[in-house]
Structure formats: structure tokens, C-alpha cells
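Hi there,

Here is the structure I promised to pass on.

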Amino acid sequence: MAADPVPGLTPAQVADFHRDGYLIIPDALPAATVSGLLAETDRLLESLNLVDHPMTKFSTGGEDGTDHVGDDYFLTSGDKIRFFFEEDAFDAAGALTKPKERAVNKIGHYLHALSPPFASLLDSTRTDLRGQPAAVARDLGFRDPRCLQSMVICKQPEIGGAVPPHQDSTFLYTDPPSAVGFWYALEDATLENGCLSFLPGSHKWAPIGKRLVRKPGDAGTEIADHPGSVFPPGPEYAADANKGQGDEEYVPGEVKAGSLVLIHGNLLHKSEKNLSQKGRIIYTFHVIEGEGREYDKRNWLQPPAEGFTKIYA
């Protein structure tokens with residue numbers, strides 16, 4: 001008989017996360033849950049109506065990491081389920097070259113509240129998850145964890161865009177930084193289809209030096225300097241602050257469907273373009289500390305009227 005899933009993290013896993021800035025948990029989701037989330041993804045993609053869609057492309061930052069989506073459709077998506085296309089899904093005239101199901105880059109950003117199958121992952125009464133989110137948050141020291149965004153990222157075959165090195169707290173900033181990403185593979189993520197790669201330990205020395213913020217008057221987004229804290233509190237941060245970021249140091253994170261990857265908000269990570277014939281559908285949500293942190297009003301994502309979603313029941 002298989003052992004029951006561990007609700008949260010073992011002490012060794014907590015130590016590994018703090019050392020490396022990320023942690024891979026295989027078999028975090030039961031196979032039936034993976035199948036159900038893929039079916040929900042298919043349902044959502046099928047529901048997409050192209051007639052009234054602004055055909056917003058999701059830019060992953062460009063070669064220098066500064067080119068990001070920022071139209072009204074994106075900026076007002078925090079409490080909705082919306083669809084964003086791959087940049088390479090269009091021809092020179094702006095027409096889609098792929099069926100809609102093979103053209104969407106991501107679906108976001110309120111799946112954790114509006115889609116019951118995805119919302120169920122935050123159900124603290126579930127006993128079939130290895131690395132249950134509320135238990136993981138407690139083991140990482142969160143006092144009032146809040147889920148503030150969620151996304152399905154499709155990484156489409158042949159056109160799935162590369163994502164340059166980045167830190168999640170650049171986009172979801174609290175002062176001091178507190179973001180942690182929960183990244184679930186719904187299909188196998190491999191070198192061929194653009195798995196994640198990590199710079200182990202970079203969360204300790206790579207500051208949040210720039211941020212994606214709203215332009216004045218909500219006229220899009222821009223990358224800007226900021227005066228706030230650049231590391232979470234703790235003596236382990238800012239050591240070796242001048243350490244280099246050589247590409248050879250990145251470690252690929254190939255994982256099987258059902259795996260969970262936890263990602264520290266300061267950790268440098270990236271993914272390559274998917275030129276293969278296989279997709280790489282994942283589901284991810286981010287958690288921030290709601291107690292003792294200031295959520296910046298310049299962040300592209302602003303809380304809905306009811307506030308960000310509580311993780312603890």
C-alpha cells in the first residue's frame with residue numbers, strides 16, 4: 001500500500017528550499033487531479049470567443065526583459081479569467097496562424113477563485129495532495145499567506161515563447177519581498193519543450209533591483225527602479241551580492257506531470273522556447289505574506305474588492 005501524502009514539507013525539504021531557492025516535489029498531484037485540470041484547461045480554451053477578444057499577445061519580456069504586456073485587457077484581469085496569445089501565433093497581417101487552442105500562451109489571473117477544479121487545490125481539507133499549499137505555507141513561515149494570481153501557461157508546440165531570466169517578486173512586489181510561486185506540471189516538462197531552469201542560491205544574492213509597475217494613469221506598464229527593500233528579512237540574504245549570473249550555472253528542472261515546483265520570489269529562473277511538437281501545460285499560482293508587508297499600489301496586479309484570497313481557513 002502506498003504511503004499517505006505528506007501534507008506539507010519535511011525539515012529536509014525546507015532546508016533544501018532555503019538553500020537553493022526552489023524545491024521539486026514529485027507526484028504532488030494525483031493522476032486523476034492532473035487529468036481533471038487538463039480537462040478544465042481544454043474547456044476554458046474551447047470557451048474562448050475570438051469575436052470580441054482584443055487579441056492581446058503576452059510578451060515574456062523580450063531579449064532584454066523589458067517588453068511586457070500592459071493593455072487594459074491585461075491590467076483588469078486580476079479578478080477575471082482571460083486569454084493571452086503567443087507572440088508567434090500571428091502572421092505579418094495580424095491573423096492567427098494556429099487554431100485558438102494551439103495559439104493561447106496563458107489563461108489568467110483568477111482561476112484560483114473562479115474555476116472550481118483549480119480552486120480546489122487551495123482546499124485545506126484535501127488529503128490527497130503531496131505538498132498541500134496551506135501546509136507548505138506554514139512550513140515556510142507564512143503567517144497570513146494570500147494567493148494573488150493564478151495562471152495556466154500552455155507553452156504551445158513550435159511557438160511557445162522563451163522566458164528570459166527573471167524573479168517573480170519583480171512582478172508581485174511586497175515590501176519587504178515575500179512572493180513564493182507554486183508551479184504544477186500538468187504535462188511532462190522537458191528540455192525539448194521548454195522546462196524551467198534555475199540559478200540555485202541566487203535568491204540570496206540577487207536583489208529585486210527593478211520592477212514591473214503601472215505607468216501613471218494606468219497607461220500600460222514599464223520596468224522601473226524602486227526604493228523599497230530588495231531582499232526578504234534575514235541574515236542569509238545579500239551575501240555574495242556581487243556574484244555573477246553566468247548562463248552555465250543554470251540547472252534545468254525537468255519534471256513529470258503532477259510535480260510541484262516551489263520558487264522563491266528572488267530566485268533567478270527562466271525557460272527556453274518550445275520548438276518541439278509537444279506542449280508543456282502548467283498551472284501556477286503565487287502566494288505573498290499578508291501580515292507585516294506592504295503591497296505596492298504600483299504593482300500591475302491590484303487586489304479585487306474582497307482582497308487577495310486567504311490560504312488559511
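Predicted model: local features only at pLDDT ≥ 70, side-chain atom pairs only at ≥ 80, totals over all residues.

**What I found**

Phenylalanine 198 has valine 251 of β13 as its bridge partner.

Next, please look at β14 (residues 260-264). This strand is mostly covered, with 5 of its 5 residues buried. In a regular strand, side chains alternate between the two faces of the sheet. In β14 both faces are covered: Leu260, Leu262 and His264 are buried on one side, and Val261 and Ile263 are buried on the other.

Strand β14 pairs with β1 (residues 22-25), antiparallel, through 4 bridges. Here isoleucine 25 stands opposite leucine 260. Strand β9 (residues 180-185) also pairs with β14 in the antiparallel sense, over 5 bridges, and phenylalanine 182 has leucine 262 as its bridge partner in β14.

**Two buried residues**

Phenylalanine 182 also leads us to glycine 131: the two are 51 residues apart in sequence, and their C-alpha atoms are 9.9 Å apart in space. Glycine 131 sits in the loop between α5 (116-119) and α6 (133-139). Is this glycine buried or exposed? Its relative accessible area is 2%, so glycine 131 counts as buried, the cut-off being under 20%.

Glutamine 149 belongs to strand β6 (residues 145-153). Its relative accessibility is 5%, so glutamine 149 is buried as well. Which residues does glutamine 149 contact, leaving aside its neighbours within four places in sequence? They are His109, His112, Leu172, Thr284, Phe285, His286, Trp300 and Leu301.

Finally, the second largest pocket holds about 310 Å³ of space. It is lined by 17 residues, and those closest to its centre are Leu140, Ser178, Pro232, Tyr237 and Arg293. By type, the lining divides into 9 nonpolar, 4 polar and 4 charged residues.

Note on methods:
Residues numbered from 1 in each chain as written. Heavy atoms only, no water. Pairing = 2+ DSSP bridges. 1 Å grid on protein atoms, 1.4 Å probe; cavity = no way out; pocket = protein on both sides within 12 Å on 5 of 7 lines; lining within 4 Å. Points joined across faces, edges and corners; volume = space filled by probe spheres on them. Nonpolar A, V, L, I, M, F, W, Y, C, P; charged D, E, K, R; others polar. Buried < 20%, exposed > 50% of the residue type's maximum accessible area, 1.4 Å probe, protein only. Contact = heavy atoms within 4.5 Å.
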